[in-house]
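Have the viewer open as you read.

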Amino acid sequence: MTVPNVRLSSGHDMPIFGLGTWQSKPGEVGAAIKIAIEAGYRHFDCAFAYQNQKEIGEVLAELFSSGKVKREEIFITSKIWNTFHSLGQARKNVDMILEELKLEYIDLLLIHWPQGYEEGGEIFPLGENNKMRYSNEDYLDTWKALEEAHNNGKVRSIGISNFNHKQIERLWNAASVKPSVLQIEMHPFFNQEKLRKFCAQKNIAVTAYSPLGNPGSAFFRKSGDPDVLSNEVIAEIAKKHGKTNAQVVLRWFIEHGVIVIPKSTSEARIKQNINIFDFKLNDDEIKKIDAQNKNWRLVDPTPRDGDHPHF
Ligand code: NAP
């Protein structure tokens, strides 16, 4: 199975398809990586906040030392977490990520969210009444740490996640190394047409997260939320191609030139999800799926507890 690459503005190639690892439990994530490598995956989407990078690092080290795959054949993305937004903390987080993943360089490092949280030990520093303790650290300072890591070879390409037009423009104007990638929520019910056009003008590649609408997540899903995988238009197209609804959704991203990173820890679904490079959707089918957009998003990016200076 050969997965095509997207050439990033940094000059590096990124596989258009990879494995997500959010909510992949320690004890399961390592096995998922091994199954994925066997199935042909060469791109893994990680983050400090997922708290499973240590196990991923151990499995990668094992795979490299056994000669199963070479480091240069693998593309690893990770993300600086919100509690590390000051320049000093972001520098520290880069090194923590390298250590956890047991890597000498990361292929792509993103700022996970534009809003910083109060620095300290907890991933989600909650205060009174479960309110998020935001910090006023500016993502432009976080970006400086990413530029440094890029310039000293710890990171090959740098980018952002969950940034809106306004935040991207502000970062763009201040950056000496421009972002290569924006990672955002995207699926047929939230197709991000406007933001994708804006990114195309700036040669920023787009990665779609929650591409299946994260059907299994209790973290963001509310009862009554729509289900991408039971959409009738998608089901009809899937039947015609002899593919599953998930495979048609994942192929739709490829047709749009969008990088896609479905998460699974199930052997059958890991194998199913990458099996999308032996068929194509025609223009009519792509348009029909585009028309399913309902501006429904799983993840609300607005600061949940009031205004934030950098939103
Ligand atoms: P997703 O990939 O849309 O959905 C994952 C869920 O779908 C899991 O419950 C998985 O269960 C199930 N699934 C996978 N393949 C399936 C198939 N073929 N048929 C039916 N169900 C299937 O959602 P996501 O995990 O939110 O997004 C993907 C990745 O994007 C994440 O893992 C993470 O790496 C990244 N992400 C980034 C951000 C950000 O803020 N930058 C936010 C969210 C996600 P099984 O494991 O049991 O198969």
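## Around strand β5

Strand β4 (residues 43-45) and β5 run parallel, joined by three bridges. Pairing here takes at least two DSSP bridges between two strands. Strands are DSSP runs of E with at least two residues, helices are runs of H or I with at least four, and both are numbered from the N terminus. Within this pair, D45 stands opposite T77 in β5. To get from β4 to β5 the chain goes through helix α2 (residues 53-66), and this β-α-β crossover is right-handed. That label applies when, with the strands pointing away from the viewer, the path from the first strand over the helix to the second runs clockwise.

A word on the ground rules: this is a predicted model, where local features need pLDDT of at least 70, side-chain atom pairs count only at pLDDT 80 or more, and totals for chains, interfaces and linings use all residues. Residues are numbered from 1 along each chain as its sequence is written, and side-chain values use heavy atoms, with hydrogens and water left out.

On its other pairing, β5 runs parallel to strand β6 (residues 106-111), with four bridges between them. Here T77 stands opposite L108 in β6. The chain passes from β5 through helix α3 (residues 87-101) to β6, again as a β-α-β crossover that is right-handed. Next, β6 pairs in the parallel sense with strand β7 (residues 155-161), and L109 stands opposite I158 in β7.

| Strand pair | Bridges | Residues standing opposite |
|---|---|---|
| β4 and β5 | three | D45 and T77 |
| β5 and β6 | four | T77 and L108 |
| β6 and β7 | five | L109 and I158 |

How covered is β5 (residues 75-80)? Six of its six residues are buried, meaning under 20% relative accessible area with a 1.4 Å probe and protein chains only. F75, T77 and K79 point one way, while I76, S78 and I80 point the other way. In a regular strand the side chains alternate between the two faces of the sheet.

Zooming out, eight strands make an open, parallel sheet in the order β3-β4-β5-β6-β7-β8-β9-β10. At the edges sit β3 (19-20) and β10 (259-260), each with a single partner strand, so one side of each has no neighbour in the sheet.

Helix α1 (residues 29-39) has eight of its eleven residues buried, so the rest of the structure largely encloses it. Among those buried are V29, I33 and I37. After α1 comes G40, with a positive phi near 110 degrees.

The largest nonpolar core has 98 residues, of which F17, I33, Y41, F44 and L182 touch the most other members. Such a core is a set of buried Ala, Val, Leu, Ile, Met, Phe, Trp, Tyr and Cys residues joined through side-chain atoms within 4.5 Å. Leaving aside neighbours within four places in sequence, L182 has contacts that include I160, F163, L195 and V206.

## The whole chain

In all, the protein has ten helices and ten strands. Of its 311 residues, 56% count as buried. Its C-alpha trace spans about 55 × 50 × 40 Å along the principal axes. Among contacts between residues at least 6 apart in sequence, 74% join residues at least 24 apart.

Definitions and conventions:
Buried < 20%, exposed > 50% of the residue type's maximum accessible area, 1.4 Å probe, protein only. Contact = heavy atoms within 4.5 Å.
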